[in-house]
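Have the structure open as you read.

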Amino acid sequence: MIEIKHINKTYKSKKKIETLALNDISFNLPEKGIIFILGKSGSGKSTLLNIIGGLDEYDSGEIVIDGKSTKKFKNKDFDYYRNTYIGFIFQEFNLLEEYNVYDNIILSNKLQKEKVNLNVVDELLKKVGISGLGKRKINELSGGQKGRVAIARALIKNPNIILADEPTGNLDEETGKQIFEILKSISKEKLVIVVSHDRE
Ligand code: ADP
Ligand code: MG
């Protein structure tokens, strides 16, 4: 379980302008299911997700993961957490447009010098509904297909938690619904956290 306790985060620009992005945020996250975090643009959703995912630091407060405070985490603990615990679906997906689907999904494994069985990737492609597109370049895919690649990439390490930052922001309504159906089915086994500014 993850406990978020009194988290504060202020950004300081070079010109010393301060922006309070998170103001005393506390909540607990369950082991699985789907959680939505709703807020207006600029309300701190991406900041919160990045902090939960170990991609950014908070100023004060505490995050407790399975009983251990991240205050006690060393760099290697954060690396381990990011590499095994968390799968990220970024806003705009952040895929490498010139690379194919396989390469995008297994990039982080390659960087870690981990061997990946492409049969496993093919299984994932099937799961997210893009069977057979492994060798297709990202810039030859539709928005919805890109979203599916982003989901497959988040799943490749079989993480406990999927964090999705406005995953349907740039998709038409029907495609957005399909992406949510996939996230919903993932949430039967994992925790899926979705942030959005769009209540609908
Ligand atoms: P959301 O994802 O809800 O739109 P963000 O978490 O991106 O909101 O941003 C929260 C606030 O922090 C906003 O006011 C934004 O302008 C500010 N902010 C975000 N990132 C930075 C940054 N790197 N430097 C300075 N201010 C930032
Ligand atoms: Mg955002």
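## The parallel sheet

Strand E7 (residues 161-165) and strand E8 (residues 191-196) run parallel to each other, paired over five bridges. Strands here are DSSP runs of E with at least two residues, helices are runs of H or I with at least four, and both are numbered from the N terminus. Two strands count as paired if DSSP finds at least two bridges between them. Within this pair, Ile-162 stands opposite Val-192 in E8.

E7 and E8 belong to an open sheet of four strands with parallel pairing, in the order E3-E8-E7-E6. Strand E3 (33-38) and E6 are at the edges with a single partner strand each, so one side of each has no neighbour in the sheet. On average, neighbouring strands are turned by 15 degrees against each other, direction ignored.

## About the model

This is a predicted model, in which local features need pLDDT of at least 70 and side-chain atom pairs count only at pLDDT 80 or more, while totals for chains, interfaces and linings use all residues. Residues are numbered from 1 along each chain as its sequence is written, chains are lettered from A and ligands numbered from 1 in the order in which they are written, and side-chain values use heavy atoms, leaving out hydrogens and water.

## The antiparallel sheet

Another open sheet has four strands in the order E2-E1-E4-E5, with antiparallel pairing. Its edge strands, strand E2 (18-29) and strand E5 (68-69), each pair on one side only. Strand E4 (residues 60-65) and E5 are joined by two bridges in the antiparallel sense, and Ile-65 has Lys-68 in E5 as its bridge partner.

## Helices across the strands

Helix H1 (residues 45-52) lies across E3, E6, E7 and E8, at about 155 degrees to E7. Helix H6 (residues 173-186) also packs on that sheet, touching E3, E6, E7 and E8, and its direction makes about 145 degrees with that of E8. Contact means heavy atoms within 4.5 Å; axes are lines fitted to C-alpha atoms, for helices over the stretch in contact, and angles run from 0 to 180 degrees between N-to-C directions.

H1 also lies across strand E1 (2-12), E2 and E4, running at about 55 degrees to E2.

Tyr-99 has a relative accessible area of 45% and is partly exposed, meaning between 20% and 50% (1.4 Å probe, protein chains only). Asn-94, at 47%, also counts as partly exposed.
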